[in-house]
Amino acid sequence: MVERIWLDVTYAEKDRAKAAGARWDPAARRWYAPREGMAALEPWVAAPDVPDLLPGEDRTLGDGLFVDLVPSSCWFTNVRSCVSPGDWERLRRMITRRAGMRCEACGAGEDRRAGRWLEAHERWVYDEPARVQYLRRLICLCTDCHTVTHFGYAQVRGLEAQAFAHLTKVTGMDGPTARGHVDAAFTTWRRRSQLVWELDLGILTDAGITVRRPPGARERPGIAAARLADPALPAPRGDADVLREPGSR
């Protein structure tokens, strides 16, 4: 088989790239140039792949499914908002590839008809004395599991019952145990939400990803309030965004 000339094409740019001559490989789930020297495709020339293990990443951190609430002072500041579209595409490709295109909590794959996508979730370590929130893992979750992790946002969207049912189904917890788990997560969330956090995204910068300056800690509450109050804004995804493949949809 001829070596593909791979491209980094984001979902938002797929139509432009296709018009410029890019082709979609459904097996690899990636765009490519059909021949060398196509100047129109230079904006999407592929950068080196992101390593499967980011420097300092702990892939054992937070295994399984559990409620994982982000402090309100950090809402809607996520990896995707802090990196370029091209770097997000590189990260997206790495996260889904190393997960085998399956949710790392329940094992489900993408199902478009069921509205189940593969999404990125960020695992953080909180240094409360230093008030620093460290990114320590990127994990691939399906929409259902991701809804559970952001249980408070599920409540806002009227999805609490579905999220609770999925939590018990995947973990095997009985109702009272699961309710106790949710309550404990909210107790931790309330304590952490009283603090102003700085974000440390060192595992990305050490992997050669350029990180934009995230919104300041004191700006984030206003951003969160605006997104929650204005239905015209794109629906936020808690701490991460849908990992949709950039192919034809």
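Biologist: Let's start with a turn: in the hairpin of strand 4 and strand 5, which residue takes a positive phi?

Modeller: Some ground rules come before the answer. This is a predicted model, where local features need pLDDT of at least 70 and side-chain atom pairs count only at pLDDT 80 or more, while totals for chains, interfaces and linings use all residues. Residues are numbered from 1 along each chain as its sequence is written, and side-chain values use heavy atoms, with hydrogens and water left out. Helices (H or I, at least four residues) and strands (E, at least two) are DSSP runs, numbered from the N terminus. Now your turn residue: arginine 131 takes a positive phi near 60°, in a hairpin with four residues between the strands.

Biologist: How do strand 4 and strand 5 pair, and over how many bridges?

Modeller: In general, strands of a sheet pair through backbone hydrogen bonds, either parallel or antiparallel. Here, two strands count as paired if DSSP finds at least two bridges between them. Strand 4 and strand 5 are antiparallel, with ten bridges.

Biologist: In what order do the three strands of the open sheet come?

Modeller: The order is 4-5-6, with mixed pairing. Strand 4 and strand 6 (198-200) are the edges; each has a single partner strand, so one side of each has no neighbour in the sheet. From one strand to the next, the twist averages 45°. Angles like this run from 0 to 180 degrees between N-to-C directions, using axes fitted to C-alpha atoms, for helices over the stretch in contact. Strand 5 and strand 6 supply the parallel part, over three bridges, and there tyrosine 134 is opposite aspartate 200. Helix 3 packs on the sheet and touches strand 4 and strand 5, its direction making about 60° with that of strand 5.

Biologist: Is glutamine 133 buried or exposed?

Modeller: Buried means under 20% relative accessible area, exposed over 50%, and partly exposed in between (1.4 Å probe, protein chains only). Glutamine 133 belongs to strand 5 (residues 132-142) and is buried, at a relative accessible area of 1%. Contact means heavy atoms within 4.5 Å. Leaving aside residues up to four places away in sequence, glutamine 133 touches a list that includes Val70, Cys74, Trp124 and Glu198. Glutamate 198 is 65 residues away in sequence, yet the two C-alpha atoms are 6.0 Å apart.

Biologist: What does helix 3 pack against, and how many of its residues are buried?

Modeller: Eleven of the 14 residues of helix 3 are buried; among them are Trp88, Leu91, Met94 and Ile95, along with Asp87 and Arg90. The buried residues pack against strand 3, helix 2 (79-82), strand 4, strand 5 and helix 8 (202-205). Just after the helix, glycine 100 has a positive phi of about 65°.

Biologist: Which residues of helix 7 are buried?

Modeller: An α-helix has 3.6 residues a turn, so residues three or four places apart point the same way. In helix 7 the buried ones are Ala178, Val182, Ala185, Phe186 and Arg192. They lie on the same side of helix 7 because their arc around the axis is only 125°, judged by the directions from the helix axis to the C-beta atoms. Their cover includes strand 4 (118-127), helix 5 (151-156) and helix 6 (160-171).

Biologist: How many disulfides does the structure hold?

Modeller: A disulfide is a covalent bond between the sulfur atoms of two cysteines, taken here as a pair of cysteine sulfur atoms within 2.5 Å. The structure has zero. For cysteine 103, the closest cysteine sulfur is in cysteine 145, at 3.8 Å, which is too far for a bond. Cysteine 140 is in no disulfide either, its nearest cysteine sulfur being that of cysteine 103, 6.6 Å away. Cysteine 103 counts as buried because its relative accessibility is 4%, and cysteine 140 is buried at 0%.
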